[in-house]
Amino acid sequence: MSTNGKGTNGNGHKEILETSVSAESDGDSVARSVAPPPAKLTKADFVSGQEVRWCPGCGDYSILNNVQKVMPELGIPREKIVFVSGIGCSSRFPYYMNTYGFHSIHGRAPAIATGVKAANPELSVWVITGDGDALSIGGNHFMHAIRRNLDINVILFNNRIYGLTKGQYSPTSEMGKKTKSTPMGVIDYPLNPLSVAIASEATFVASSLDVDVKHLGATVQAAAKHKGVSFVEVYQNCNIFNDGAFEYFAERNVRSDNMIYLEHGKPMIFGKNHDKGIRMNGAHPEVVQLGSETGLNENDLLVHDIHLKDPSVAFMLARMEYPAFPQPVGIFRAVERDTYEDMMTDQIETAINKLGPGSLEKLINSGDMWTVE
Amino acid sequence: MSTVIENPVEQGKHLEELETVTIRFAGDSGDGMQLTGTQFTNTSAVVGNDISTLPDFPAEIRAPAGSLPGVSGFQLNFSSQDIKTPGDQPNVLVAMNPAALKVNLADLEDGGTIIINTDSFTKENLKYAAYETNPLEDGTLAGFRVHKLPITTLNMNALKGNVELSRKEIDRCKNFFALGVLYWLYDRPMEQTINWIHEKFAKNREVMNGNEIALKTGYNFADTTEVFTTHYTVKKAQIAPGKYRKITGNEATAIGFIAASQLAGRPLFYGSYPITPASDILHELARHKNFGVKTFQAEDEIAAVSAAIGASFTGHIGLTGTSGPGVALKQEAIGLAVMTELPLVIINVQRGGPSTGLPTKTEQADLFQAVWGRNGECPAIVIAPATPADCFNMAVEAVRLAFKYMTPVFYLSDGYLANGAEPWAVPEIDELPKIEIKFATNPENFMPYARDEETLARPYAIPGTPGLEHRIGGIEKQHLTGNVNYDPENHHFMVKLRQEKVDRAANDIPTVEVFGEKTGKVLVLGWGSTYGSIASAVEKLQREGKSVSSAHLRHLNPFPKNLGEVLRGFETVIVPEMNLGQLCTMIRARYLVDAVAFSKVKGRPFQIREIVRKVEEYL
């Protein structure tokens, strides 16, 4: 496994360097493109000295482990990486990363990250958040940071429960769920984080599983490579307050039937025997059986295309839910759009070209002036 | 046509000299009274008068035409003497409609002059203004000098046939007709305004011509009509030689923060959500991107301050601006900046509260909110400019303190300072204070919560600095290491340390100056925009030989070191505030002085005479 990982990661590293150089040739930073490539770091370089304080068995460990593993592959020096979080179990994350980190206040991480990225576009900025942090108290910032398309990476740990406050329902908890604050069951309809992200015009939207480390690593890496906002929802098990919440599709022996991995350019096939698929029936997706009985083969299926400008298909896929559909996991959408920080920099450059670099002397000596002799 | 634009000819009318005049322009919010007032102000400044203004407009963009809530006013005080306020009472009221008359008449001085647009005194408008009978006929205006002018008709006659404008468009020029009348009446040149019209309406020649003709016709009409037999002149004020600029508080605030950014050599990041009366700061800063200024119109107040904190963390000058309700939303994030010990400046252009309160009116009731308004022991530095021009100096001061002490600084302006204007003696760049921002760069023995011996500030290590990677956050941190720490002794120590750090800023700010004798019967202590009224009142009483001094606080947390000693030098300390006695409570608690609160919470600044009367009670 580790050898295998190394090989893939090596290629990934090269690709990232190429992307970052081409981005710089757009006029971002000349200095960085001529600097020698940074010495290759290892996972250990990204482990901070802090004792990790999540409950034993928490899905957060796997996510931390994978992010630390992916970091060296990005080819970004540690000092140029910033992790920003809000409040909740997941938001302790920055303390465990040996990078710059900011554990902020509940729901505000996307707004703080906006300031960080806008102030210094050269930084690699990561937002670590949870279902309550991002979609409840921070719903507004989540939506607006996404629509602005800053080149930041948002990883949402969705465990469908409030863990740090010990077991109240969250905005992604299912209807009827009995929790400490809903002894008779939840009566608010849940939000689907993926459809919120797509509706907020996210340019990169993906989901992954804490229990599928290979997929998780690759997804985090793809998110990091995307220029523009990247949103990754990770289904994360809270073994204390919501144990097994995602077992119905994430558990190893049901995965192939109850879950579908989205792969760009491939027909949407799933099932233990690769004999089921998703096809379009008019404007709606449907599950079909492949084979001689139905006469359907993979040519009849929907081919996944993450680059569609129109978000409708991505949205439709994000709405597919077990048991009517297999739970879709993977990249839903990856499209290009100018980033907020680039446009902000462009406006400043345009203003300087038009008006010249700001002169304080001229600024204070303008307006309605007169001289007293 | 040629007759209306000829140069005015003096017809031997009497010209009388006045020392000081206060005019209030009042009309419907669509009548252009703010523009008229601003033009009169600019011209008066340029001819060398000292000036001070008080715009007063409704919260509604366009309340129903002719209604009482729709009245917009602009008060201007211009003088050949040194003045510090827009004047207690107007000497002249320009009333463009019945509602404007009704709202403003009570403020006019006895025997004052009223210039009325009689055309607007229709049955319908009288009803809107809740006049049962016509005040022009029923004796309401007895005791005033009333000039009744059919301004709408005169303006229409002057423009009709001379410009390609609709009747409605012609009507919109009538404020320039009124301005022309006032220019003649107070012996002002028209050039300044004509130039402005040419520039402003360069792309719309008909509107340009219309306004220019209206202005000149108004002037010539006043000169020739028998309505006016006398006009007045106000000589140049004795102002120290130098370059001057007319500036409002919001302009000075914006320019001041750009200056601070230039002086510090770091880019300015302004996160803000539109709110009255602070939005003009956002507009002004957004115009100056060539200074590297980054303006961010956030989704809400919380995002605005959070982004500013993110920018500060990254080495920019993180600034957020709002009014009282916005500060209420930002407080949790400000607490985060206190806890993480990041520099941050919060502009609060205070307005009437609580809640939405009086959005367009002034108040000073957010002092407690700034000093004590967060959870936990959460000290912040608090400063306040005293005049519109002082906003520039205090903006630089706010940035200096925030970065030197690595802590949030509140900058308390208010609606009166924000929109009021005065002459600003434009400083020389090399006279401005330098702002030194020190970044940590040495990884050897780096500790994110180590302390500067003098200021107790922690090192400023920004992302991008190799070897200084560290984590900050809202959870209590261990002294020196910055690791998460719940130890009771450490928390007690850190709480005291954060307080001590803010307290030490007192070593770094000017002592409070006493205007007048250092001891005596009464000290009038003020802060913020009450400066002009207090100083004028105390100067008046001092000229009468009374034992009164004044002092003005620009630093409110910490207080200047000599404040206790200054207070103890007087039998009585009176604190006029546009709140229920917030500074008064603070100095009573801190210095155990039996200070007297003098409160006025009416959305309007103190009049000089109100303060004079209050002080007289204690003499």
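## Where chain B meets chain A

In this predicted model, 69 residues of chain B are in contact with 57 residues of chain A; contact here means heavy atoms within 4.5 Å. Together the two chains bury about 5,300 Å², with 63% of that on carbon and sulfur atoms. Buried area is the accessible area (1.4 Å probe) that two parts lose on being put together, summed over both. On the chain B side, B:Asn290, B:Glu299 and B:Arg471 lose the most area to chain A, together 14% of what that side buries.

Three salt bridges are counted between chain B and chain A, a salt bridge being a side-chain nitrogen of Lys or Arg within 4 Å of a carboxyl oxygen of Asp or Glu. B:Glu469 and A:Arg78 form a salt bridge, at 3.9 Å from N to O. Among the elements that give two or more residues to the chain B side are strand E9 (242-248), helix H10 (249-264) and helix H12 (301-313) of chain B. H12(B) gives the most, with eight residues. By class, the chain B side divides into 39 nonpolar, 19 polar and 11 charged residues; Ala, Val, Leu, Ile, Met, Phe, Trp, Tyr, Cys and Pro count as nonpolar, Asp, Glu, Lys and Arg as charged, and the others, Gly among them, as polar.

## Two domains inside chain B

Now for chain B itself. An automatic or database assignment gives domain 1 (2-234), domain 2 (245-431) and domain 3 (514-616). The C-alpha centres of domain 1 and domain 2 of chain B lie 35 Å apart, and 15 residues of domain 1 are in contact with 10 residues of domain 2. These two domains bury about 970 Å² between them, 58% of it on carbon and sulfur atoms. B:Ile51, B:Thr53 and B:Phe57 supply 40% of the area that domain 1 buries against domain 2, more than any other three residues.

One salt bridge is found across this domain interface. B:Lys361 forms a salt bridge with B:Asp56, the closest N and O atoms being 2.6 Å apart. On the side of domain 1 that touches domain 2, helix H2 (33-46) and strand E3 (50-56) of chain B are the elements that give two or more residues, and E3(B) gives the most, with seven.

## A look at chain A

Chain A has 13 helices and 12 strands. Helices (H or I, at least four residues) and strands (E, at least two) are DSSP runs, numbered from the N terminus. Of the 373 residues in chain A, 53% are buried, that is, under 20% relative accessible area, with exposed over 50% and partly exposed in between (1.4 Å probe, protein chains only).

## One glycine in a loop

B:Gly373 sits in the loop between helix H14 (367-372) and strand E14 (381-383) of chain B. With a relative accessible area of 33%, B:Gly373 is partly exposed. Leaving aside neighbours within four places in sequence, B:Gly373 is in contact with B:Gln331 and B:Phe368.

## Reading the numbers

Residues are numbered from 1 along each chain as its sequence is written, and chains are lettered from A and ligands numbered from 1 in the order in which they are written. Local features need pLDDT of at least 70, side-chain atom pairs count only at pLDDT 80 or more, and totals for chains, interfaces and linings use all residues, while side-chain values use heavy atoms, with hydrogens and water left out.
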